[in-house]
Amino acid sequence: MSIRLTLAALAFVSFSAFAQAAAENQVVGTWRMVSATIDPGGKNIAAYGEKPNGLLVFTSDMHFVEVLTDADVPRFASDARGEGTDDENRMAMSRSIGFFGIYTVDEKGEFSGNRVEGATFPNWVGSARTRADLRLVVDGDRMTEQFRRPEGIEIKIEWRRVE
């Protein structure tokens, strides 16, 4: 076998293995938040208000970005991000979060963990979560995210795949 033919065969096998692995990743794509509930003491309340707005993107190169907001947070009076009042800043911070990092999937293509590289809440930077801390379950074009905050409060977010 010639060297060119051997290299072409190896490239094809490598590409095929990569394509197969990417196809098995169940979470890859763009997801829109449908609902988010928080369950303090047995009460299911809206975690991001009555109009939750959020996107979760998982890339094929194993990065993720998640932004969750409450669509009813009032606009800042000053129209300048750095000039909000204490109340405006507190409201914006308490009713939204954005973070990004890397994630892993197992041999079945199911989510198995993540590590936060940047966040609007600085305490999350550098944190890692496994499936024991954070469960993402895909069922067709729907995904359920469930986790427990350190103080024990349960959060459940429903997502719909958009891409």
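Predicted model: local features only at pLDDT ≥ 70, side-chain atom pairs only at ≥ 80, totals over all residues.
Me: Why is Asp 70 called buried?
Reply: Its relative accessible area is 5%. Buried means under 20%. The value of 5% falls under that limit, so Asp 70 is buried. Asp 70 lies in strand 4, residues 63-70.

Me: What makes the approach of Asp 70 to Arg 95 a polar contact?
Reply: The two side chains come to 2.5 Å. A polar contact needs a pair of N or O atoms within 3.5 Å. The 2.5 Å value is within that limit, so the pair counts.

Me: Which backbone atom lies 2.8 Å from a polar atom of the Asp 70 side chain?
Reply: The backbone nitrogen of Asp 72.

Me: Which residues does Asp 70 touch, not counting residues up to four places away in sequence?
Reply: Tyr 48, Gly 49, Lys 51 and Arg 95. Touching here means heavy atoms within 4.5 Å.

Me: Why is Ala 47 called partly exposed?
Reply: Its relative accessible area is 23%. Buried would need a value under 20%, and exposed a value over 50%. The 23% of Ala 47 lies in between, so partly exposed is the label. Ala 47 is found in the loop between strand 2 (45-46) and strand 3 (52-58).

Me: What does Ala 47 contact, leaving aside its neighbours within four places in sequence?
Reply: Ala 36, Thr 37 and Ile 38. As for Leu 68, it is 21 residues from Ala 47 along the chain, and their C-alpha atoms are separated by 9.8 Å.

Now the aromatic rings.

Me: Why does the pair of Phe 64 and Phe 99 tie together parts that are apart in sequence?
Reply: Phe 64 lies in strand 4 and Phe 99 in strand 5, so the pair joins parts 35 residues apart in sequence. Both Phe 64 and Phe 99 are buried.

Me: What makes the pair of Phe 99 and Trp 124 edge-to-face?
Reply: The angle between their planes is 85°. The cut-off is over 60 degrees. The angle of 85° clears it, so this pair is edge-to-face. The centres are 5.0 Å apart. Phe 99 is in strand 5, and Trp 124 is in the loop between strand 6 (111-119) and strand 7 (128-130), 25 residues apart.

Me: Is Trp 124 buried, exposed or partly exposed, and what decides it?
Reply: Partly exposed, because its relative accessible area is 25%. Phe 99, its partner, has 4% and is buried.

Me: Which residues do ring pairs link into a cluster?
Reply: Phe 58, Phe 64, Phe 99, Tyr 103, Phe 111, Phe 121 and Trp 124.

Next, the spaces.

Me: How many cavities of 30 Å³ or more are there?
Reply: The count is 1. The largest cavity holds about 40 Å³. Among its lining residues are Phe 58, Phe 64, Phe 99 and Phe 111. Strand 3, strand 4, strand 6 and strand 8 (134-139) each give two or more residues to that lining. By class, the lining has 7 nonpolar, 1 polar and 2 charged residues.

Me: Which residues lie closest to the centre of the largest pocket, and how much space does that pocket hold?
Reply: The largest pocket holds about 540 Å³. Of its 23 lining residues, the closest to the centre are Ile 97, Phe 121, Trp 124, Phe 147 and Arg 149. The lining divides into 13 nonpolar, 4 polar and 6 charged residues.

Me: What makes Asp 70 and Arg 95 lining residues of the second largest pocket?
Reply: A lining residue has an atom within 4 Å of a pocket point. Asp 70 and Arg 95 are listed in that lining, so each meets this rule. The pocket holds about 270 Å³. Helix 2 supplies the largest share of the lining, 3 residues. The classes are 4 nonpolar, 3 polar and 3 charged.

Notes
Residues numbered from 1 in each chain as written. Heavy atoms only, no water. Helix = DSSP H or I, 4+ residues; strand = E, 2+ residues; numbered from the N terminus. Buried < 20%, exposed > 50% of the residue type's maximum accessible area, 1.4 Å probe, protein only. Polar contact = N/O pair within 3.5 Å; in protein donor to acceptor, adjacent residues only side chain to side chain. 1 Å grid on protein atoms, 1.4 Å probe; cavity = no way out; pocket = protein on both sides within 12 Å on 5 of 7 lines; lining within 4 Å. Points joined across faces, edges and corners; volume = space filled by probe spheres on them. Nonpolar A, V, L, I, M, F, W, Y, C, P; charged D, E, K, R; others polar. Phe/Tyr/Trp six-rings, centres within 6.5 Å; stacked < 30°, edge-to-face > 60°.
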